[in-house]
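Open the model in your viewer and keep the selection panel at hand. The tour goes stop by stop: select, look, move on.

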Amino acid sequence: MSENSPDKLAIREVRLGATRAEGGTREVSYVIGGDRGLPFCGNDAGRRLVALEICDDPAIWPPVVRNYVGDLVNNPEDWAQAAERRYGADLVRLNFTSTKKRGFNAFADIASTTERVLEATTRPLIIEGSNDPQVDSEVFRRCGEAGEGERLLLGTAEADRYRSVAAAALAYGHLVIAQSPIDVNLAKQLNILLRETGVPEDRIVIDPYTGALGYGFEYSYSVMERIRLAAIAGDDDLAMPMISAPTDTLSIREVREAAPEEQDAMAVAWEFYTAYSAFVAGASVVCVRHPLTVERLKKVLEA
Amino acid sequence: MAMKALDIYKHLPKTNCKKCGYPTCLAFAMKLATGKADVEACPDLDPGAKALLGGVTRPPVRAVTIGAGERSVTIGEEFVLFRHEKTFYHPPGIMVEVSDTWTEVEVRSVVDEVRETVVHRVGQDLVLNGVAVRNESGSADRFAETVRLAGGGSSLPLVLISDDPTAFEAALAIAGQYRPLIHAATADNWEPLAALAKQYGSPLVVRAGTPADLAAITAKCAEAGVADLLIDPAPGSLQGYITVATEIRRSAIERTEPALGYPIYLDAGALGETDAAVATGILKYAGIIVTPRFSRASREAALTLRQNIYTDPQHPIQVTPGVYPINNPERDAPVLLTVNFSLTYFTIVGYLEASRMPCHLLIVDTEGLSVLTSVAGGKLTETMVADALKKFGVADLVDHRILIIPGYAAPLSGKIEDATGWKVMVGPRDAADLPEYLEKEWKT
Amino acid sequence: MPTVTFLPGYRKVSVPEGTSLLDAARAAGLAMNVVCGGQGKCGKCLVFVKTGSVSFDRDKFRKFFSDPEIARGACLACQTTVTGDVQVDVPEGSLIQEQKILVEIQGLEEIPLNPAVRKYEVYLSPPSLDDTTPDLTRLLEGVEGVGGPPPNRVYAPLGVLRYLPQVLRRSDWHVTATVALVPGGYRLSNVDDGDTTGRLYGAAVDLGTTTIVVYLWSLVDGRILSTASNYNRQISCGEDILSRVNFSRKGGLARLQQLAAESINEALKKAADAAGVDLEEIFEVMVAGNTVMTHLFLGIDPGYMIAEPYIPVVQRMLSTAARRVGIATHENTGIYTFPAVSNFIGGDVIADILATGMTEREEVTLLIDIGTNFEVVLGNRDWMLSCSGAAGPALEGGEVLFGMRANPGAIESVRIDPETLTPTYTTINGVAPRGICGSGLIDLLAELLRACVIDRTGGINLEIDHPRIRRGRYAPEFVVAWKEETPIGKDIVITENDIKNLVMSKAAIHGACMTLLDAAGLAPRDIERVCLTGAFGNYINKENAITVGLIPEVPLERVENIGNGAITGANIALVNRKRRKELDGLARRITYIELNADPSFMDRYTSSCFLPHTDLSLFPRVQQMLEACRLREGVGSRQG
């Protein structure tokens, strides 16, 4: 394996969020990336962030999380605030699950929810918009505009629908999550497409898609390792930090069918093993859904 | 580093005699280059070439067996640093520790738990592998007694942890015939321990703080006649472990330091965060992981992670093609098409089961490739769908003729309609959106 | 029975009710274009029912027709059944047309003439009571006396023995014996009156799935006398190999064998007539065909080759006599078929290898035979690796909206002005364009990429405001020729779907090349020669083939079109028996890599599903060129 000289970064630095001084309203901004070698090896400098996922329409959210957080699910800004202050998340990922509704057209709510969640939080914000080409362009425009200058991390760009996210990110100064289906080549291709559309390399975060533990997680694990190895070997098109969101983990049979008194323990164990392994594979940001998982991950990362 | 196929080929007889079982010498060379064949298979190789090629094709990490009988565990024999390069072969043995200061009841409950924990997943029974007995009492007799309580090695493989040669002598008098793992030989005590290991034919862990010190001790132990060794790098932190384990595995694989070509031993309890340490050991090269007792949820997750990481990426777990009933479907239930990529299948089944929506799931054989890749690679075609509908008698299961295909297979919708005569509905791309899609779109 | 009349030729045929128009057309001797084998998938067998009664579900196949075509009564011949007397108009485009066929000669002067069949003129002493040697022994001893093989090694077929006594006496014991080297010995193929040593002929045959090419040689002086070509008449039983195997499995093997022999016979006759040679004077025929074609030609069941575990009946070189396979030359003519490496690397590829001369060289050659299926061989005189796969029909114009074979009117080369986006093109035979063939499609891909009309996945950038770039009925598309320029009354376009099909086809080929290179531990720069052959491979623009990433990037001068490698190889094996003898050994030492069993192939394929490739470091020249193009265009400067 040919590695870079020690003074060259293997992974590009990417700044998430913007403080007042940086043109936004966040109290902190984070720099991820900047790694030089393999994750957790030697003087590994990369910062690792734990994000708690919340949503604006909890209908499809895992019951175990709904039970645990109670009324918060009906109020994204309270939920976001609790994520930061009570659960200790480094940042929040806001999923606009409402856009999955058929005939969705409440675009004004997208803007206002974005504003309210930004208001309620002090740290950088990840927004997962729609994944329907029909509404993409308007959804991304609205949340992009509402968060102008905040260096939001906007998701998700895919190979056949990247232009709307890219346009919103370029117009309002945000970053893009580039998601590809568990394939190192497809990840690279999407980064090239984004670059050739004008998105600067330091505004792209790779999401190689994370399968649930026990349900194909090994594919995601290896693809993350391969992406990181390619970056170390000098591939500029893969030298971006990675985000991993094992979102299916809480929907698996083992968690769903666990005895009521064991549900939280089961959910947290499976999320923890998956999320931690994603960090070991090279992810810089890992998104989880159970608040207790956040706490356990933070403890390990800070040890 | 490994030799390339053409370099190996130069040393072969080039007779294409097929005695090795491969059609040509070059085909054999390619298998040798990837470690999938043994030089011994070629009867016409001169000794010099055999030694040369054997040196570069034998496993760089030695295979070591701990325990005896059906629950014995073999580790090591690894060839790569990253599983995608080929595969990881031997999953680490997970040993739960007990102390010789515990009561009999405490010891027995752990031993029973280890013996009885079985997680059934995709056709495999996942188990914990053994018990580690720690000599904390300072008494050789108590140590031996606890070893006896732990089954003496006859049913479950044991790890014997102490720094007192007399304690080992006592314990080995009980368990010695069952190949317990002895932990640990250090710079100070390696001689008596190596002698004991040799006497009982037991594998031995060597413990030191740096790879160089480890290599020095393993070399001496090997010279003293102990071939089955493990390496405990005594890490101070998770990051420290990953760093040193990576270095050890790399030296072994690149054959820069043969004295490091042994499986690695990790004491998960010593690193504070047990779950994180166990996961780390599984992900990063541990051959034996000794852990304090952990919860059922953690055990299941850990065993599942181990199964995932040690799945051969070149032979992914594939779901058998067929039509699978989900939530007791009737004749009016929808028929959903997907591929036999295990991740896709399990994800979909997860969401469908959660939705309680009855349906038939039709799995076609795409050689374990995902929908996107199989559509792109021509491994999912309209003919296959038509054949599968016919072969699995789907038309006899339902009264309608509507097939819901994955969102990523949309380009095939017209062709599938033509080839099958079924009406095709294009479903969502994301399995998470399936329940809602079915709720809204499915009306017979 | 109803009568079907086919216009414009007024060919009539009576068929039972319920017969498809396609079968009726075949019965009338019309060769319809059925790319899909008559499954209603390709839409190429368009006909217009003028009057009369048929059954056809037009709504179901609506997508194949334009409104004016519907108004004229458009039907798909394969999906239309006759229900009464009917008159059908068959447009020219629905018939198989004369194709560009490779007939060329190259590089043979260095090969010594050393045929396996020879003629020996002998004057024998007549028998007497003192010399009662039998006729055959007498002849063979005479042959040995003028340099022929020992009598005990020569086998004499019964047919020859039956006329031998008459010939010997009629000629007054002055005859010419034709003796052929065959496996295990020699065969006395023929005995002529007097001296015929000046006339000994052999033929090399490229038995292609679509086309048959024949070279007629004088084996006396090693001259090529004539060449001829013909359609493989098996096309009427299925366009592609798979449909022919299926036809054979349904009891059609004998029919396919007969059609193969007839097709060869027709070509042989043309060549023989042109050279003033009697077919009876041809004593050797060397046939190079793929494994399935070879099986079918010999009447051997190919049915077990197409399903797991894919077993052919035979791979070695076979020889037989002409009469046993229905070849219209002398009945004892030796018919030789090339050996194969696998089902997929057949005799045609062995012939290609022979044609490249790569078995003689130290330098590494990459041979690529491109058609619907492709074969790739990498190696030199010491080692050789091969693999094969399906490129899909896109490169030959299939599954492409306006794709067509290399028939007259096919756009075969294209350039696009990067400023105005105006294409300039040439067509085969210079007539008005009817569609685009493979070489034109590759040019289009390269030119659209250079003009920044498509992104590197092949997606058309609809943000460019230009009349040629538009949202089509199925997908975004680019107009190559306005309908005013065409005789078909439609704009000829290339759609985004077409482009993506082409990208997948080229990715399969490039992925295969990389798989072989990696297996050998070599990089593209180690390739000293790339030889392209095959129906499509020969006409392709080499530079554009590299630009789109169809073949690995090597310096342009290292890429050669070797023409029809199969016929060249057959020629070599015909005229030189030493080379022929080496073929079995050559076939045995080629290592075949099964791409489907190689997990890394999928990886290479995916990384090649990009223009030219995900890893531009494999394409340094293309990278420079593309960067220059992007600079020239500026990002989005043309957006409106």
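**Stop 1: the contact between chains B and A**

Show chain B and chain A together. Seven salt bridges link chain B and chain A. Bear in mind that this is a predicted model.

To see one of these bridges, select Lys100(A) and Asp433(B). They form a salt bridge, with the closest N and O atoms 3.1 Å apart. Polar contacts are there too: 17 residue pairs across the interface of chain B and chain A, both partners at pLDDT 80 or more.

Next, select both sides of the contact. Together, chain B and chain A bury about 4,500 Å², with 56% of it on carbon and sulfur atoms.

**Stop 2: helix H10 of chain B**

Click along the helix. Among the buried residues are Thr274(B), Asp275(B), Val278(B), Ile282(B) and Leu283(B). Then step past the end of the helix to Tyr285(B). Its phi is positive, near 75°.

**Stop 3: chain B as a whole**

The C-alpha trace of chain B spans about 80 × 65 × 35 Å along its principal axes. Chain B has 444 residues, and 56% of them count as buried. Of the contacts in chain B with a separation of 6 or more, 63% join residues 24 or more positions apart.

**Stop 4: the contact between chains C and B**

Bring chain C into view next to chain B. The contact takes 22 residues from chain C and 20 residues from chain B. About 1,600 Å² is buried between chain C and chain B, and carbon and sulfur atoms give 63% of that area. Select Trp383(C), Thr591(C) and Met602(C). These three supply 27% of the area that chain C buries against chain B, more than any other three residues.

How many salt bridges are there between chain C and chain B? The count is one. Select Asp418(B) and Lys63(C) to see their side chains meet in a salt bridge, 3.3 Å from N to O. Three residue pairs are in polar contact across the interface of chain C and chain B, both partners at pLDDT 80 or more.

Colour strand S18 (384–390), helix H10 (496–520), helix H13 (577–589) and helix H14 (599–608) of chain C. Each supplies at least two residues of the side of chain C that touches chain B. H14(C) gives the most, with four residues. The residues on that side of chain C divide into 12 nonpolar, four polar and six charged.

**Stop 5: Asp369 of chain C**

Finish in strand S16 (residues 365–370) of chain C, where Asp369(C) sits. Asp369(C) is buried yet has no salt bridge. The nearest side chain of opposite charge, Arg405(C), is 12 Å away. What does Asp369(C) touch? Leaving out residues up to four places away in sequence, Asp369(C) touches Asp352(C), Phe374(C), Glu375(C), Thr533(C) and Gly534(C).

Methods: Residues numbered from 1 in each chain as written. Chains lettered and ligands numbered in written order. Predicted model: local features only at pLDDT ≥ 70, side-chain atom pairs only at ≥ 80, totals over all residues. Heavy atoms only, no water. Buried < 20%, exposed > 50% of the residue type's maximum accessible area, 1.4 Å probe, protein only. Lys, Arg positive; Asp, Glu negative; His and termini not counted. Salt bridge = Lys/Arg side-chain N within 4 Å of Asp/Glu carboxyl O. Contact = heavy atoms within 4.5 Å. Buried area = accessible area lost by both parts, 1.4 Å probe. Polar contact = N/O pair within 3.5 Å; in protein donor to acceptor, adjacent residues only side chain to side chain. Nonpolar A, V, L, I, M, F, W, Y, C, P; charged D, E, K, R; others polar.
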